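Hello,

Here is the model I promised to hand over. Please open it alongside these notes.

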Amino acid sequence: MTDRRPGPSVRLRLALSYAGLVVVTGALLLAVVWVFLLRYVPADPVDTASGVVPVQRDLVRAFAPPAALALVVLLVVGLVGGWFLAGRVLAPLTRITEATRRVAAGTLSHRIDLPGRDDEFRSLADAFDGMVARLETHVEAQRRFAANASHELRTPLAITRSVLEVAERDPDRDPAAVVARLRTVNTRAIDLTEALLLLSRADQGTFEHRTVDLSLLAEEAAETLVPLAEARGLVLDVEGSAAPAVGSPPLLLQLVTNLVHNGIVHNVASGADGQIGSGWVRVHTSSVDGEAVLEVQNTGRTVAQEVLPTLIEAFQRGSARQRDDHGGAGLGLAIVDAVVRAHGGTVRLRARSGGGLVVTVRLPTG
């Protein structure tokens, strides 16, 4: 921060301005009275039957001292009144400044809560409170994310250490089984790291913008995930029309893939003997009112309304998951939310009446 020389306070400058305005106004009023009064007073003595008529010099001697005293009184009244009025006017600004210093010191929970009717200072205070509230929410989310990320990354490392310790204590243990276990844990750690990097990239918004059709991305994602859906006895269906949007093709493909994958792993149980059961995942794309719309809905267990807002938070795992053998870290919908926000769109989660989830993504077309 640049060092600045100390200067007079705003309150003092306002008080001086008020006093100066009062004195100048008084002086102008006295000048007007003086000019018009002197027009009717002779400059030289005039003898009359009743005596000598006062001239301009006599009037000056009689009028000047009271006029000067009046200006001095106006100056004092202007300074005192201006100081008082400036203090009243600047009181909200003082409160805002104190709140800013407390927030700068790290007290993000502090709010100004300026009372009174709406004016410029109240608008500034309300805008400041809103900004600090959003900042507090963002910081808390980042703290939770960092803590959860540390925990999630520590888990595979701890498992790796345990596997190596067991292998060290049991030299006769099958090396192939140890290697397979380590490979599985290492794959999960790599997937988690890549998801974290993708989430960070989406939050930063550093990507190339191009026109991409969400319907083509939906078909590509479905083609990739069909084996997983069939293995779980689910029907995966993609339908709809072209839905052009502007953004990053890799990020938008990851968005669609995460939604479809989420619909598969959070679904009903498969049919007997691995046959197709009653579960399904449907992807629908369209272009509505200048927006590209992607809707992914799936069957599954009933999702409580109070749980919906938490599903897009990082590392939140839905309780309705059929099984956890896919090794997810709860970043699927968090990445979806980050990608949508980075593209200036919206995402809406809605529980299906018959169980499962409906996720609707809207992205601008340009």
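Below is what turned up, from the whole chain down to one residue.

This is a predicted model, in which local features need pLDDT of at least 70 and side-chain atom pairs count only at pLDDT 80 or more, while totals for chains, interfaces and linings use all residues. Residues are numbered from 1 along each chain as its sequence is written, and side-chain values use heavy atoms, with hydrogens and water left out.

First, confidence. The protein chain averages a pLDDT of 79, and 82% of the residues score at least 70 (pLDDT is the predictor's confidence in each residue, from 0 to 100). Contact here means heavy atoms within 4.5 Å.

Next, the overall make-up. The chain has seven helices and nine strands; these are DSSP runs numbered from the N terminus, helices being H or I with at least four residues and strands E with at least two. Of its 366 residues, 31% count as buried (under 20% relative accessible area, with exposed over 50% and partly exposed in between; 1.4 Å probe, protein chains only).

Helix H1 covers residues 10-38 and reaches 41 Å from its first C-alpha to its last, close to the 42 Å expected at 1.5 Å a residue (the expected span is 1.5 Å times one less than the number of residues). Its buried residues are Ala 15, Ala 19, Gly 26 and Leu 38, and helix H2 (56-104) is among what covers them.

Now the cores. A nonpolar core is a set of buried Ala, Val, Leu, Ile, Met, Phe, Trp, Tyr and Cys residues joined through side-chain atoms within 4.5 Å. The largest one has 39 residues, and Leu 214, Leu 255, Val 256, Leu 259, Leu 294 and Val 361 are those with the most contacts inside it. Elements giving it two or more residues include helix H5 (214-231), helix H6 (249-265) and strand E9 (357-364). A second, separate core of nine residues includes Ile 96, Val 103, Ala 125 and Phe 128.

Finally, what does Leu 259 touch, leaving out residues up to four places away in sequence? Its partners are Leu 294, Val 296, Leu 333, Val 336, Val 359 and Val 361. Leu 259 sits in helix H6 and is buried, with a relative accessible area of 3%. Thr 360, 101 residues away in sequence, is 9.9 Å from Leu 259, C-alpha to C-alpha.

Best wishes
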